[in-house]
Amino acid sequence: MSPASSASPVPPPAPARRPTIRSHHGDSFEDPYEWLRAKDDPEVIAHLEAENAHTDAALAHLEPLRERIFQEIKGRVRETDLSLPSRRGDWWYYARTVEGKQYGIQCRAPIAGPDDWTPPVLAPDVDVPGEQILLDGNAEAEGHDFFSLGSFDVSSDGTRMLWGVDVTGDERYTVRVKDLTTGEVLPDVLEDTFSGAQFLPGGAHIVYTTVDDAWRPDRAWLHPVGSPGRDDDREIYRDEDERFWVGAGVTRSDRFLVLQSGSSITSEVSLVEAAHATDPDASPTVVWPRREGVEYGVDHAAIDGEDWLYILHNDGALDFELVRARVDSPDQTKTVLPHEPGRRLLDVDCFRDFAVVEYRQDGFPRVAVLDYRTHQLTEIRFDEPLYAAGLGGNPEWAPPVLRVGHASFTTPAAVFEYVLETGELILRRRAEVLGGFDPDDYAQARVWAPAQDGTSIPVSLVWKRSFGEPGTAPRPVHLYGYGSYEHSIDPAFSVARLSELDRGVVFAVAHVRGGGEMGRQWYEEGKLQSKRNTFTDFVDVARHLVDGGYTSPDRLVAEGGSAGGLLMGAVANLAPELFAGILADVPFVDALTSILDPSLPLTVIEWDEWGDPLHDPEVYAYMKSYTPYENVREGVTYPRILAMTSLNDTRVLYVEPAKWVARLREVGADALFKCEMAAGHGGVSGRYNSWRERAFQLAWLFDVLGVADA
């Protein structure tokens with residue numbers, strides 16, 4: 001099977017060139033395909049459908065392989081299963097999956113008594129005494145091509161449930177309420193909410209957020225349960241600054257309603273006592289007034305009868321420090337964990353008797369218990385060279401055990417309970433992988449690649465041992481990258497990835513700058529006017545893998561999604577000769593056009609990440625130098641490209657890859673484009689649909705690598 005091209009009996013669509021001129025700072029750019037932005041234009045929809053038809057025809061020969069991969073994924077998953085129960089109040093909460101059904105079923109069962117902290121061992125074929133079905137996602141999704149659950153909460157007394165559903169992919173949710181004592185669905189219907197709605201303590205009110213025309217959550221509201229619609233709802237918080245994103249929630253202690261505004265570099269937190277939050281005269285109290293460049297987060301602790309705020313911040317502390325202050329005097333702080341360069345503090349979570357601190361050390365996420373009185377950290381360790389650890393589901397205020405999640409590239413995700421008194425770790429659940437999976441058949445390692453400026457870039461490698469150690473002979477390599485928003489690609493297990501490893505493909509992650517793997521400085525060196533480091537780091541990693549004998553250009557495929565899709569478009573222009581193929585998922589490839597338009601969803605919020613090209617000519621010139629659509633090159637041979645997106649994506653609009661692919665074809669590139677017509681930024685919904693989508697991508701990837709018949 002030749003990886004050379006994507007021959008198709010259906011010719012690629014050739015959209016009409018209808019130039020529009022974009023002029024800023026004395027520079028004019030002629031854009032022939034901007035007209036494709038008109039989502040409601042039948043001609044645009046016809047073009048997208050023609051693109052799908054072309055892609056389907058070009059890849060029709062891979063259908064048997066796609067089906068094999070889908071069956072491999074499906075065959076490794078126990079389709080009828082139950083999650084690990086999590087205790088809240090008088091109930092154990094868990095989810096069921098049922099063979100043949102796309103979505104989970106939310107359930108609960110009563111605890112045996114106040115001292116019952118050992119979760120019941122549930123089996124798919126055994127009835128659970130007292131089980132209640134709370135929400136069947138399959139019933140909710142009936143009649144819809146897309147379904148996403150954006151809010152789900154049960155009141156603290158266990159008598160009411162809310163859930164918020166999106167059936168188009170645009171991330172606007174309709175919230176409803178059910179009385180769990182009677183089974184009655186209440187008249188409440190809250191439309192056009194954002195995700196994350198939840199009850200105030202007691203369940204008589206709901207706090208939720210809504211978005212503005214730019215899809216920015218800008219307001220928080222209180223809704224009295226039992227009231228139809230939103231007419232009786234009261235706005236309790238609004239942020240007029242277009243750079244800030246509003247969130248609302250309740251502390252684990254149930255003491256405070258937290259209202260938070262945050263941009264990429266600045267945050268502000270306000271508190272209202274939850275018991276008084278419904279009083280129209282109760283106004284939020286700001287913990288620290290916002291200051292440009294200062295980020296902080298707050299949680300509440302009650303220690304020896306006194307109320308404290310634990311505040312994680314970066315004021316003069318690049319990798320953050322933890323302080324505490326009394327609720328009534330938040331400016332008078334005492335240091336709990338001082339700033340330590342290279343130890344990036346990520347989060348603090350307060351319980352009654354202790355706190356949990358999550359942080360990043362030596363490139364990996366870690367979790368530790370903090371003693372309120374001594375301020376000593378006790379790290380919860382696992383015996384594995386590459387792993388990620390983090391706080392699991394712990395809704396209770398005063399548990400005797402702590403749920404901790406663990407994952408690596410070679411071991412399935414697990415949940416442990418850490419016994420506070422003894423330090424013992426008890427394995428409560430590890431995801432089961434069927435089909436004879438043995439973790440000892442696979443290996444993982446970290447290597448370092450030199451960047452152009454001398455920086456060492458960490459690279460994670462995963463492979464199947466039977467094919468030999470990577471680097472001893474060129475192997476097919478699947479190289480993944482992201483590199484934005486301080487988001488880190490941490491060790492995680494993937495069932496679908498086994499289909500690659502079992503065919504001899506080495507999976508690699510380039511932990512490029514712009515992510516957060518190596519601390520806040522790593523992020524700072526890959527954003528704004530340093531953004532090109534993200535792209536050159538990825539190219540340098542690819543060259544290192546080639547020069548080091550791990551792979552060869554004809555056996556190397558790159559993948560990235562969203563901002564990682566921008567990375568894919570940039571490296572395709574920078575070093576097309578290094579890659580046989582590039583898989584770009586919901587790719588941000590027309591970045592400059594989007595960031596120039598403040599009317600588009602989330603644009604103004606993004607200025608802290610990319611810069612403001614609308615008002616700053618230097619930022620404009622810098623972004624223009626790398627934005628993929630405008631830098632497609634004549635006279636070069638591009639690798640094979642597959643771009644995938646969703647019509648209803650509100651974060652990266654479908655028009656970006658549509659324009660990019662049209663431009664790539666103008667210079668002779670073998671580029672395919674697939675647009676899901678009923679999906680969002682995360683792709684299709686439903687587990688079987690998601691498995692088929694991944695099988696589609698992997699079949700293309702194997703075809704490019706020449707391993708499809710292995």
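This note goes through a predicted model point by point, from the whole chain down to single residues.

1. Overall build. The protein chain holds 12 helices and 39 strands. Its radius of gyration is 26 Å, close to the 27 Å that the globule rule gives for 710 residues, so the chain is as compact as a globular protein of that length. Along the principal axes, the C-alpha trace spans about 70 × 60 × 55 Å.

2. Of the 710 residues, 58% count as buried.

3. A sheet of four strands. An open sheet is formed by 4 strands in the order β20-β21-β22-β23, with antiparallel pairing. The edges are taken by β20 (296-303) and β23 (334-337), and each of these has a single partner strand, so one side of each is left without a neighbour in the sheet. On average, and with direction ignored, neighbouring strands of this sheet are turned by 30 degrees against each other.

4. A hairpin. Strands β10 (residues 173-179) and β11 (residues 185-193) pair in the antiparallel sense over 4 bridges, and Y173 stands opposite T193 of β11. The hairpin has 5 residues between its strands, and G183 takes a positive phi near 85 degrees there.

5. A covered helix. Helix α9 (residues 603-610) is mostly covered, with 8 of its 8 residues buried; among them are the charged residues E606, D608 and E609, as well as W607 and W610. What do the buried residues of α9 pack against? Their partners are strand β16 (245-250) and the helices α5 (520-524), α7 (563-574), α8 (591-596) and α10 (617-624). The residue that follows α9 is G611, whose phi is positive, near 105 degrees.

6. A buried charge to look at. E693 belongs to helix α12 (residues 687-705). The residue is buried yet has no salt bridge, and K674, the nearest side chain of opposite charge, is 7.6 Å away, whereas a salt bridge would need a side-chain nitrogen of Lys or Arg within 4 Å of a carboxyl oxygen. Which residues is E693 in contact with, leaving aside its neighbours within four places in sequence? These are M644, E676, G683 and V684.

Terms used:
Residues are numbered from 1 along each chain as its sequence is written. This is a predicted model: local features need pLDDT of at least 70, side-chain atom pairs count only at pLDDT 80 or more; totals for chains, interfaces and linings use all residues. Side-chain values use heavy atoms; hydrogens and water are left out. Two strands pair if DSSP finds at least two bridges between them. Helices (H or I, at least four residues) and strands (E, at least two) are DSSP runs, numbered from the N terminus. Axes are lines fitted to C-alpha atoms, for helices over the stretch in contact, and angles run from 0 to 180 degrees between N-to-C directions. Buried means under 20% relative accessible area, exposed over 50%, partly exposed in between (1.4 Å probe, protein chains only). Contact means heavy atoms within 4.5 Å. The radius of gyration is taken over C-alpha atoms; the globule rule is 2.2 Å times the number of residues to the power 0.38.
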